Amino acid sequence: MESAELKKLRLYSIRELERLLGAPRSEISDVASLAGQYYRPFSQAKKPKPFQKAPVSSKLRPIDNPIGKLKVFQRRINRRILRNVDYPAYLCAGISGRSLLDNARIHISNPVLVTLDIRNFFPSVSNIQVYNVWRKVLDCSPRIAKALTKLTTFERHLPQGAPTSTLLANLVLFSVDGVIREECLSCGVRYSTWVDDLAFSGKHARGVIGVAIKVLSRAGFSVSHKKMQVMGAGDRKVLNGLLLGEKPGVLPQRLSNLRSGIHKLRTGKIPHGLQESYVRSLRGGINFVGLISQDKARPLHEELDDCLIALHNNQETAQICT
């Protein structure tokens with residue numbers, strides 16, 4: 001992979017911060033000092049997909065849930081500051097113009113693919129690491145870095161559900177993975193990230209695993225060994241739900257699941273009260289397929305549309321009969 005460079009923001013002026021956040025310094029200071037009061041945490045169960053066969057994990061996901069003025073400021077920080085950073089090409093998540101497809105293309109046609117998952121990534125990112133991003137990586141003044149850290153962290157960690165968290169997570173990873181990038185460069189290994197998912201590909205990709213785990217551990221992160229995958233020359237290679245061949249492709253099981261979901265809808269196996277959310281999930285799955293192959297998505301859209309028309313006609317008939 002190519003060496004990564006990052007252009008500094010050089011944000012030193014409180015007056016400039018006022019302009020960016022659209023608020024006077026007194027208001028920025030007040031919200032920053034009371035930032036913890038602008039969260040309403042809740043736990044969220046993982047929602048099953050309508051065509052999912054395997055049982056859904058009962059584990060609840062904590063959402064920190066920023067609200068009010070703080071969330072307004074976070075949206076402005078995200079839109080007016082973080083989105084203007086020129087991110088290295090290997091960081092793919094949350095960046096305008098980059099998608100899962102771009103992440104997959106980095107690893108096309110390589111004989112070995114290794115994927116690592118950072119366990120509990122956002123809660124493991126400390127406020128000190130976020131401060132170092134604002135102060136050292138982006139070159140903000142200490143005063144501004146301190147204010148921005150308070151506005152973008154919660155209880156000394158990166159908050160789940162905040163508009164700023166994905167891009168800050170990218171920058172925290174960039175601030176600690178220099179040795180990983182150097183190792184990949186020296187070994188001819190391609191490296192990319194999608195939030196907490198790290199991917200390495202190339203003939204010597206296996207050799208990077210130990211270095212990556214050691215570097216991440218030193219930074220306070222742990223790798224989920226259960227989710228680590230090493231896919232060799234004779235293995236099917238899957239990255240973020242995409243099949244890697246000569247180009248990114250759709251997993252056959254994904255297409256089968258979508259067809260099964262439409263069939264369940266058509267045959268009345270979905271209660272009327274659940275049909276709206278069920279259809280949204282199906283449509284979202286088909287749209288994802290469309291990002292990879294319009295030829296495969298088009299007949300699925302048509303099949304779903306025909307199914308919805310039939311359901312509507314059946315419901316009208318039932319109403320007339322009653």
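This is a predicted model: local features need pLDDT of at least 70, side-chain atom pairs count only at pLDDT 80 or more; totals for chains, interfaces and linings use all residues.
## About the model

Local features need pLDDT of at least 70 and side-chain atom pairs count only at pLDDT 80 or more, while totals for chains, interfaces and linings use all residues. Residues are numbered from 1 along each chain as its sequence is written, and side-chain values use heavy atoms, with hydrogens and water left out.

Let's start inside. The largest nonpolar core has 65 residues, and those with the most contacts inside it are Leu82, Trp134, Leu138, Leu148, Leu151 and Phe200. Its largest share, 7 residues, comes from helix H8 (residues 165–176). A nonpolar core here is a set of buried Ala, Val, Leu, Ile, Met, Phe, Trp, Tyr and Cys residues joined through side-chain atoms within 4.5 Å; buried means under 20% relative accessible area, exposed over 50% and partly exposed in between (1.4 Å probe, protein chains only). Helices are DSSP runs (H or I, at least four residues) numbered from the N terminus.

A second, separate core holds 28 residues, including Leu100, Leu258, Val279 and Ile292.

## H1 against H7

Helix H1 (residues 14–21) packs on helix H7 (residues 142–152) at about 30°, with the axes 10 Å apart. H1 is therefore roughly parallel to H7, since angles under 35 degrees count as roughly parallel, over 145 as roughly antiparallel, 65 to 115 as roughly perpendicular and the rest as oblique. Axes are lines fitted to C-alpha atoms, for helices over the stretch in contact, and angles run from 0 to 180 degrees between N-to-C directions.

From H1, Ile14, Leu17 and Leu21 meet Arg143, Ile144, Leu148 and Leu151 of H7 (contact: heavy atoms within 4.5 Å). By class, this contact has 6 nonpolar, no polar and 1 charged residue.

## Proline 142

Helix H7 also contains proline 142, which is partly exposed at 42% relative accessible area. Not counting residues up to four places away in sequence, proline 142 touches Tyr131 and Arg135. Its C-alpha atom lies 9.9 Å from that of leucine 11, 131 residues apart along the chain.

## H11 against H12

Helix H11 (residues 252–266) and helix H12 (residues 275–292) pack at about 155°, with axes 10 Å apart. That makes the two roughly antiparallel. Among the residues in their contact are Leu258 and Gly261 of H11 and Val279 and Gly285 of H12.

Technical notes:
Ala, Val, Leu, Ile, Met, Phe, Trp, Tyr, Cys and Pro count as nonpolar, Asp, Glu, Lys and Arg as charged, and the others, Gly among them, as polar.
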